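Hi,

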Amino acid sequence: MYRLFTVLFLGILFISCDSDVDAGEFVVGSDNLSVTNKVILIDTATVEVSTINFDSLKTSGQSRILLGNYDDPIFGKVKSDSYFQLTSTSYNLQTTSSDTEGANYVFDSIRMVLVPDKYYYNDTTKVQSISIHRLLQKVKPNTEDDSFYNNSSLNYDAVSLGTASFKPLPNRQDTVFVKMDAVFGDALFQRLKKREITTEDEFVEYFKGLAIRTISENSSCVMGFKVTSKLQLFYSKKVTESETSLLKEFTIDDITKQFNRISLDRTGTILKDLPGTTERLSSNLTENKSFIQSGTGLACRIDFPSIKELRYITEKGTIVDAKLIIRPVNNTYSKTYPLADSLSVYVADKLNRIKGTLNSASGYPIYAILNKTEDEFDENIGYSIPLGTFLYNEMIKQSDAKSALILTIPNISNGVNRLVLGNQNNTGNKIQLKIYYISY
């Protein structure tokens, strides 16, 4: 084994004519080494950065009720409503159907109980308002995969069953109680009392579920609630002078029948002209920036148009390592808009169709890991992605087809986190590709 250090100027196929080749240090197989081997660091290869938009993200089965809205100064108006079906363990007012004193049951009240799950995004200091509505159609998807998506919706009654206003305190897990319409509650109670509903099918036929809408005009937060949230029906059993308080609960038993509708109004923003799902919006047209947002389907696409040309540098040579560093744009992140600790990385074709995760040579998924080390100008903050195996395979590929990388935030389907990344022309936050190439 040998350790070699070689400095070589390379001035073809790249976007700069400046000499920016540094020394590289590697341990490689002795069969590929000789005294004439040269290790080259290439950091001027063209990298194309763009923004794409997935037409739909699966939001059912994500185990989170996501509610809220806020105005993002870069992305636009973000909003999330939630839809779900409720059921119960039984449809008797007590544990058996043999209660002979059913006539003594009386309705008291009904309420929705929403339990925060500690997820929130943006500013929690403003009051958030929600409205609960009765669904007019069953929570049944019309898609082939029995799923609901961020652009799915169901018809609901325009008349509200209950409203609530509260200041989000997700870290304290303050439960939100929403008093529901007594007429609605008593009607449901009478159906159970008269044994007109005895099965889940009968219950769902009568009460198809709920939609919770965000109605805040000045809210600035989206927050998550647990799917263990429930509808509670309180009633009493009166016998002579005594009274016993009783409770019937309805829960989200099947999480595939709960989903969030997450929307983004990009009117008047830099992203207003985002094309269809098979196309891309070049970062050269968006102030040298690319955009990622969970929930709404925005993702960053990265292409390497000249990678095949590396085959012609020398008669015999290969890529031995590569690293991509992509940086968030200054002043686009803060405590309100925090940076994700990592990004998911996928391989896609020219039509933005995902082919799988980016994997290492040993087959393990590769993530873009955030370097949080701060400096005076935030130049060290960025996401690092090892790309040696990927770029090598792209370089030697026999077909003309080229693969691209797609970057997303990991909680892509159950949050609204966002990120702004710079391209090669972005002042101060340039993406950087380092390729280590050895000739032998």
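First, a word on burial: buried means under 20% relative accessible area, exposed over 50%, and partly exposed in between (1.4 Å probe, protein chains only). Please keep in mind that this is a predicted model, where local features need pLDDT of at least 70, side-chain atom pairs count only at pLDDT 80 or more, and totals for chains, interfaces and linings use all residues. Residues are numbered from 1 along each chain as its sequence is written, and side-chain values use heavy atoms, with hydrogens and water left out.

**A buried lysine**

Lys-248 sits in strand β15 (residues 242-251); strands are DSSP runs of E with at least two residues, helices runs of H or I with at least four, numbered from the N terminus. The side chain of Lys-248 does reach backbone oxygens: that of Ser-90 at 3.2 Å and that of Asn-92 at 2.6 Å.

**A buried glutamine**

Gln-424 lies in the loop between β26 (418-422) and β27 (432-439). It counts as buried because its relative accessibility is 16%. A polar atom of the Gln-424 side chain lies 3.0 Å from the backbone oxygen of Ala-45, and one lies 3.1 Å from the backbone nitrogen of Val-47.

**Salt bridges**

Side chains of opposite charge can pair when their charged atoms come close. How many salt bridges does a search of the whole structure find? The search gives 15. Among them, Lys-372 and Asp-341 meet at 2.7 Å, N to O. This pair links distant parts of the chain, 31 residues apart: Lys-372 is in the loop between β23 (367-371) and β24 (382-386), and Asp-341 in the loop between β20 (317-326) and β21 (342-348). Asp-341 is partly exposed, at 48% relative accessible area.

Another salt bridge joins Arg-353 to Asp-349, with the closest N and O atoms 2.6 Å apart. Arg-353 is partly exposed at 46%, whereas Asp-349 is buried at 12%. Salt bridges that share partners also join Glu-48, Arg-280, Arg-301 and Asp-303 into one network.

Best wishes

Note on methods
A polar contact is a pair of N or O atoms within 3.5 Å; within protein, one must be able to donate a hydrogen and the other to accept it, and residues adjacent in sequence count only if both atoms are side-chain atoms. A salt bridge is a side-chain nitrogen of Lys or Arg within 4 Å of a carboxyl oxygen of Asp or Glu.
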